Amino acid sequence: MTADLTTYQGLLEAVTVDGGVEVKDPATAEVIGSTGQASVDDVDAAVQRAKRAQPAWAALGGDKRSEYLNRVADAVEASAEALAELLSREVGKPLNGPNARFEVGAVAGWLRATASFELNDEVLVDDESGTAVLSYRPVGVVGAVGPWNWPMMISTWQFGAALKMGNTVVLKPSEYTPLSVQALVAVVNQVLPEAVLQVVAGGGEIGAALTGHQDVDKVMFTGSTRTGQAIMRSAATDLKRLTLELGGNDAGIMLDDADPKALAEELFWGAFINTGQTCAAMKRLYVPEALYDQVVDELAQQASNAAMGVGLEEHNVLGPLQNQQQYDIVADLVNKAREGGARMVTGGNPDPDQAGYFYPATIVADIDQSNPLVQEEQFGPVLPIIRYTDLDQAIAWANELNVGLGSSVWSSDRQRALTVADRLQAGTTWINQHGAIDPRVPFGGIKKSGFGLEFGLEGLKHVAVPKVTKY
């Protein structure tokens, strides 16, 4: 009997493997299920199935593939609450706020948006010398490796565009969140033809087997810069195409004409969305002397009012860190800030007796640019606020790191904000918001935050190969 994928128990039954590796809830440490582990041979078999399925999938044409993506979105919406509950239990994120239900809704929304995009042929030349037309064809088999922080949504960013362009996809989820991605794929595969989208679970060796496979034509990876560099080295052997969305340490700069009270909520969620576990979240905020104390107070109040706890409790909007390793990173950086003389305005003292990887929402003031909490990505519910007296110095501080995913400028004067934004080194700069991604708007990083674009028509081009026809 087929499991009912619209219920939590049915979804869990569909992806749990008896005797597999236990997966625990990071909020309670309770076992929620167990996952199987793919072998290198399993990866090869999945890639070969994808390779065989790809020509027929490509031959359907763009309109038919868009129909499939819209039907996939319907299936996701039918299972939305079950997917959100599993996501909450496995990742720890609350159901409400910009968290689990938000993520599942974004999956469906991204699929529908991607289905609507039309990447038409472009006539480059059409005169007495002849005609030249630029078109885009499928790459072939895409190997996609995703992170643990937004496992369903980022997997969708990868497979949605790839499928739209006629590729087939093999996904490797993070070993921390395998059930979420396997559950999403189970729901999606109620609709898609066989072997068009597959998932292989496992650790780093499985990721390496997938990204290094000779029959994988394109690799999409979201994760650490170090792993991205390893994938680049591996891809050099057969010149695989790559899209890499890597680590960041996004800066926000507030100008002296900003209204701290009016902007406080946007500032807070720009930094604390998904409990700070977001690549393009604001990780450091530069504030002018004249506004500094007010901004610190406003953000401390926001942090104090944001309920943190077990994700299935409806009133919570902040959850735990997803894993022990990330908890230790956050705790270590906060301790280094404290040792460096920074002031813990709120938070900074986790309860050692609390179950789960909870770290309180922490606002850090009076901190130097050189402190590790500013220089390194914390990826958690902590925001250092750095005082500045010279705007040029703040811009230089924002730009001095070797990453450049996102950035933001906060001001009451749009033109002034745009002038500052033009000087910031990042793939995206937002005005009076941070991390506000849109499926229609290309997104990607510079420096060691990676390269390649996702979303919109440009994102489609990056999961395709260009072909020029001249006649």
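In which sense do strand S12 and S13 pair, and over how many bridges? They pair in the antiparallel sense, over three bridges. This is a predicted model. Strand S12 covers residues 343-346, and strand S13 covers residues 362-365. Thr362 has Val382 in S14 as its bridge partner. Strands of a sheet pair through backbone hydrogen bonds, and the sense can be parallel or antiparallel.

Now look at the side chains of S13. Thr362 and Val364 point one way. Ile363 and Ala365 point the other way. All four are buried. In a regular strand, side chains alternate between the two faces of the sheet.

Find Tyr359 in the loop between S12 and S13. Its relative accessibility is 1%, so Tyr359 counts as buried. Tyr359 and Pro381 are 22 residues apart along the chain. Their C-alpha atoms are separated by 7.0 Å.

Leu401 sits in another loop, between helix H14 (391-399) and strand S15 (403-404). Is Leu401 buried or exposed? Leu401 counts as buried because its relative accessibility is 9%, and the cut-off for buried is under 20%. Its C-alpha lies 9.0 Å from that of Glu376. Along the sequence, Leu401 and Glu376 are 25 residues apart.

## A sheet of six strands

Another part of the model holds an open sheet of six strands. The order is S7-S6-S5-S8-S9-S19, and the pairing is mixed. Strand S7 (197-199) and S19 stand at the edges. Each has a single partner strand, so one side of each is left without a neighbour in the sheet.

Take S8 and S9 within this sheet. Strand S9 spans residues 241-245. S8 and S9 run parallel, and five bridges join them. Val219 stands opposite Leu242 in S9.

Glu245 is also found in strand S9. Glu245 is buried, with a relative accessible area of 4%. An unreviewed UniProt entry gives Glu245 the annotation "active site".

## Aromatic pairs

How many aromatic pairs does the count come to? The count is twelve. One of them joins Trp148 and Phe379. Their ring centres are 5.6 Å apart and their planes stand at 90 degrees, so the pair is edge-to-face. The cut-off for that label is over 60 degrees. Trp148 lies in the loop between strand S5 (141-145) and helix H6 (151-164). Phe379 lies in the loop between helix H13 (372-375) and strand S14 (382-388). The pair therefore ties together parts that are 231 residues apart in sequence. Trp148 is buried at 13% relative accessibility, and Phe379 is buried at 10%.

A second pair is made by Trp157 and Phe455. The pair is edge-to-face, with 4.8 Å centre to centre and 75 degrees between the planes. Trp157 lies in helix H6, while Phe455 lies in the loop between strand S19 (450-451) and helix H16 (456-461). So this pair ties together parts that are 298 residues apart in sequence. Both Trp157 and Phe455 are buried. They also belong to one aromatic cluster with Trp110 and Phe443.

## Charges over rings

Which ring does the charged end of Lys93 sit over? The ring is that of Trp150, and the charged end is 3.8 Å from its centre. Arg387 lies over the face of Tyr292. There the distance to the ring centre is 3.9 Å.

## The largest pocket

Rolling a probe the size of a water molecule over the atoms shows where empty space is left. About 1,300 Å³ of space lies in the largest pocket. Its lining has 43 residues. Gly223, Ser224, Thr225, Arg226 and Thr227 lie nearest the centre.

Which helices and strands each supply at least two lining residues? They include helix H8 (204-211), strand S8 (218-222), helix H9 (225-235) and helix H12 (324-339).

## The annotated domain

The unreviewed UniProt entry places the feature "domain: Aldehyde dehydrogenase" at residues 21-467. In the model, this span is 40% helix and 21% strand. Its end C-alpha atoms lie 45 Å apart.

Key
Residues numbered from 1 in each chain as written. Predicted model: local features only at pLDDT ≥ 70, side-chain atom pairs only at ≥ 80, totals over all residues. Heavy atoms only, no water. Phe/Tyr/Trp six-rings, centres within 6.5 Å; stacked < 30°, edge-to-face > 60°. Buried < 20%, exposed > 50% of the residue type's maximum accessible area, 1.4 Å probe, protein only. Lys NZ or Arg CZ within 6 Å of the ring centre and 35° of its normal. UniProt positions renumbered as here; feature names shortened; annotations may be inferred. Pairing = 2+ DSSP bridges. 1 Å grid on protein atoms, 1.4 Å probe; cavity = no way out; pocket = protein on both sides within 12 Å on 5 of 7 lines; lining within 4 Å. Points joined across faces, edges and corners; volume = space filled by probe spheres on them.
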